[in-house]
Amino acid sequence: MRWSFSAYGTFRRCQRQWFYKQVFASALANDPNRREAHRLSKLESVQAWRGKIVDTVISETIIPCISAKQSCTVSDAKRRADDLFTSQKSQRIVPNGAVTFFEVEYGLPLTIDVFDKALTDIHTALDNFFEAEQVLKILQSAKSLVPQRALSFKHGVASVRVVPDLITFQNGQAPAVLDWKVNTYPMRDYWLQLVTGAIAVTRCNPHRDWPSGATQYNTNEVTLLEVQLLSGDVRIHTASEYDIHEAEDFISISATEMELAGDGKDSKNLHPKDYPVTSEPRTCQMCQFRKLCWEVACE
Ligand code: SF4
């Protein structure tokens with residue numbers, strides 16, 4: 001059972017949506033519905049897209065400059081963001097393209113105000129990143145910075161996958177795990193994601209480009225930082241023994257729940273109708289698979 005926070009988040013919202021995304025969608029399948037599910041799985045809302053632009057600029061522009069001890073000003077970062085914004089927007093407003101906005105696919109209005117707000121949020125997030133002195137200090141003193149690295153470890157039936165926004169390795173100190181968020185309304189369970197990141201960084205096989213001794217530390221020694229880029233808040237979390245057990249229990253219970261939902265059948269023999277639909281209509285409003293799901297409901 002492949003387990004990640006986002007997969008379980010989808011499963012909790014709607015089991016059928018999870019099935020479409022994690023099991024059914026396939027770019028190479030003969031079944032046209034499975035290929036369509038793959039195309040729909042790539043749709044993203046303007047709100048999600050603006051967060052990805054911030055992630056890309058931090059990971060691919062700012063962090064490499066810090067690593068190479070080169071200058072990168074907030075203006076440089078905003079210029080890069082503006083270029084991405086313009087080029088990606090023109091690709092995504094085309095209906096039925098390889099990547100399309102969710103709003104275009106489902107006929108929702110995309111006004112100039114929507115895009116102005118998205119660009120303002122991107123600039124605010126980058127301003128706040130450069131003003132987060134506590135974070136910049138950790139980055140500038142690190143021996144090695146590893147952005148957006150997929151980590152995995154086994155826990156019971158679950159093969160857990162976590163992608164921290166950044167792992168930093170300091171000389172003679174335990175690593176730090178950082179996640180930044182571009183959320184207007186921050187959720188409360190980010191500590192759980194960060195603790196899972198700390199478990200992953202101390203339990204996975206060390207990656208080739210990590211400094212020697214990188215995984216010799218205990219999970220509770222890892223520094224955890226949540227950076228809320230729209231508000232500018234930096235929250236430090238701890239991974240106490242209690243927190244680590246909480247995270248492990250959460251993974252075990254949720255992975256078992258996901259496993260049981262398949263009723264022991266091989267995934268090849270499962271159909272969307274085998275999974276219940278959400279009872280929350282608002283979940284359907286923002287669901288990428290609505291077209292397919294509602295067709296199935298009419299069969
Ligand atoms: S349309 Fe609604 S019920 Fe169907 S998969 Fe999406 S969220 Fe679930």
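Predicted model: local features only at pLDDT ≥ 70, side-chain atom pairs only at ≥ 80, totals over all residues.
**A tour from the sheet to the ligand**

In general, the strands of a sheet pair through backbone hydrogen bonds, either parallel or antiparallel. Between β1 and β4 (residues 158-162) the sense is parallel, and the pairing runs over 2 bridges; to find a point of reference there, select W3, whose bridge partner in β4 is V160.

Now turn to the second largest pocket, which has a volume of about 310 Å³ and is lined by 14 residues, with M1, W18, V23, E259 and S267 lying nearest its centre. The elements giving two or more residues to this lining are α2 (15-24) and α10 (241-261), and the largest share, 3 residues, comes from α2. Coloured by class, the lining of this pocket divides into 6 nonpolar, 4 polar and 4 charged residues.

Finish at the ligand, and select the residues around it: C14, Q17, V277, T278, T283, C284, C287, R290, C293 and W294. Both α11 (281-285) and α12 (290-298) supply at least two residues of this shell, while α12 gives the most, with 3 residues. By class, the shell around the ligand holds 6 nonpolar, 3 polar and 1 charged residues.

Conventions. Residues numbered from 1 in each chain as written. Heavy atoms only, no water. 1 Å grid on protein atoms, 1.4 Å probe; cavity = no way out; pocket = protein on both sides within 12 Å on 5 of 7 lines; lining within 4 Å. Points joined across faces, edges and corners; volume = space filled by probe spheres on them. Helix = DSSP H or I, 4+ residues; strand = E, 2+ residues; numbered from the N terminus. Nonpolar A, V, L, I, M, F, W, Y, C, P; charged D, E, K, R; others polar. Near = heavy atom within 4 Å. Pairing = 2+ DSSP bridges.
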